[in-house]
Amino acid sequence: MSWNNYPALGERCYTETLPNGLRLRVVPKPGFAGKFAFLGVNFGSCDTQLPLSGGWQTVPDGTAHFLEHRMFCLPGCDPEAEFSRLGAESNAFTDYAMTGYYFTCTDRFDDCLRLLLRMVLTPYFPPEAMAAERAVIADEIALYDDSPEDCAQERLCRALYRSHPIRIPIAGSRRSIRAVTPELLRRCFDAYYVPSNMALIVMGDVDAQAVSHLARECLPPDFSPPPARPCGEEEPARAFRHRTRRTLPVSQPVFSIGFKAEPSASPLQQELTGQLAAELLLGESSALYESLYTRGLIDAEFSSGFTRVPGAAFLQAGGAGHGPEAVLEAILQAPKTGFAPAQFARLKKSVRGRLLRELDGFESTCYRICEAVFAGEDCFCDFALLDSITLSDTEAFLTQTITPERAALSVIAPEEA
């Protein structure tokens, strides 16, 4: 156990790995009324291979998300109602690489944390509840299917990647979730829901040693090694498909453009470089954004960013407009080098300011800490990493990534009258 101090940020973080392998991080916030606890499981929708003795079993699409839903169930107890009775708000999510369970409260923090740990470490999958859960998830999938933005994003991933599981929708499909059984959920739980494959992040006016003691009290004491997490076959550098199109009842095309990047051994540094590159080329203060907007090719909702999961990464941009092909061509033709150093310096200050503001948000900070823990890095080192990234680094990233071979365009077009 140790304390890491970050005087430039005015933050300190208690760091400990318990004997059972759980990674614990506590960020004290003296004087704050709210307390936040986040329990992350290193298991997301991209984990499609369940380890078995001597091999692997492919699980149905959406299994990690289905398991997240079913964890809100205890013998003789409704965890959501119990959190509410304790005066806390609870929730959970599944993304490509992680499942997260969390609550926020002002009082009775210890009781809430005990409930969270008990809930996530108790496998309880009554067969009679499966049909109702499938109906709930099917409704969720229908909402995604009706969202042009979500459709464009999912189809972009399927265009960029040939085999990486990022091409699979997080919630799966109505067909795939019919194959999820209580027995399968239990096997996934036994493989992935072990303390060594988890991280507990706490922020608020709490005592770090007391949190550590409570976690030791509530969690199994023995160490079980975390499972291997294969990410599919090695991907070629080029996009799997360069175009994908679907029609929906939209008034104008909704589109998402992606450029496949090489996975990096330094994920947080690559993520920051990718964010800087996206802002430099396509941010609201860029010459390219102004040109596209002036020509009426994009609207004010157009945005850009960078996505990274184990084994996959891509720079993306998108929005709504009548010229998706023209936007892609403009991005490909835009200069990748020769940006003004002063512009890059302002951009880094802007990103630094955004990262500093995010430290005031308990949910976003706990997520980033957990993401960094699973990557073997330190979230609070973002600022030192940001300082180390040069304009030449960012231009080199753009030159390598923004190419026709790496590009894919996903368009959701209006239905014909």
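These legends describe close-up views of a predicted model. Residues are numbered from 1 along each chain as its sequence is written, and side-chain values use heavy atoms, leaving out hydrogens and water. Local features need pLDDT of at least 70 and side-chain atom pairs count only at pLDDT 80 or more, while totals for chains, interfaces and linings use all residues.

**View 1. The largest cavity has a volume of about 90 Å³.** A cavity is a set of points, on a 1 Å grid over the protein atoms alone, where a 1.4 Å probe fits but cannot get out; lining residues have an atom within 4 Å of a point. The volume is the space filled by probe spheres set on the points, which are joined across faces, edges and corners. Among the lining residues are Leu 355, Arg 368, Phe 380 and Phe 383. Helix α12 (362–374) gives the largest share, three residues. Helices are DSSP runs (H or I, at least four residues) and strands are too (E, at least two), numbered from the N terminus. By class, the lining has five nonpolar, two polar and three charged residues. Ala, Val, Leu, Ile, Met, Phe, Trp, Tyr, Cys and Pro count as nonpolar, Asp, Glu, Lys and Arg as charged, and the others, Gly among them, as polar.

**View 2. The largest nonpolar core has 66 residues.** Such a core is a set of buried Ala, Val, Leu, Ile, Met, Phe, Trp, Tyr and Cys residues joined through side-chain atoms within 4.5 Å. Buried means under 20% relative accessible area, exposed over 50%, partly exposed in between (1.4 Å probe, protein chains only). Phe 259, Leu 281, Leu 315, Val 327 and Ile 331 have the most contacts inside this core. Its largest share, eight residues, comes from helix α8 (residues 267–282).

**View 3. Phe 38 and Tyr 102 form a stacked aromatic pair.** Rings of Phe, Tyr and Trp (its six-membered ring) pair if their centres lie within 6.5 Å; planes under 30 degrees apart count as stacked, over 60 as edge-to-face and the rest as tilted. Here the centres are 6.2 Å apart, with 10° between the planes. Phe 38 sits in strand β4 and Tyr 102 in strand β8, 64 residues apart. Phe 38 is buried at 1% relative accessibility; Tyr 102 is buried at 12%.

**View 4. Phe 43 and Tyr 193 form an edge-to-face pair.** The centres are 6.4 Å apart, with 80° between the planes. The two residues are 150 residues apart in the chain. Phe 43 is buried at 1% relative accessibility, and Tyr 193 at 2%.

Conventions
On a 1 Å grid over the protein atoms alone, a cavity is a set of points where a 1.4 Å probe fits but cannot get out, and a pocket is an open set with protein on both sides within 12 Å along at least five of seven lines; lining residues have an atom within 4 Å of a point.
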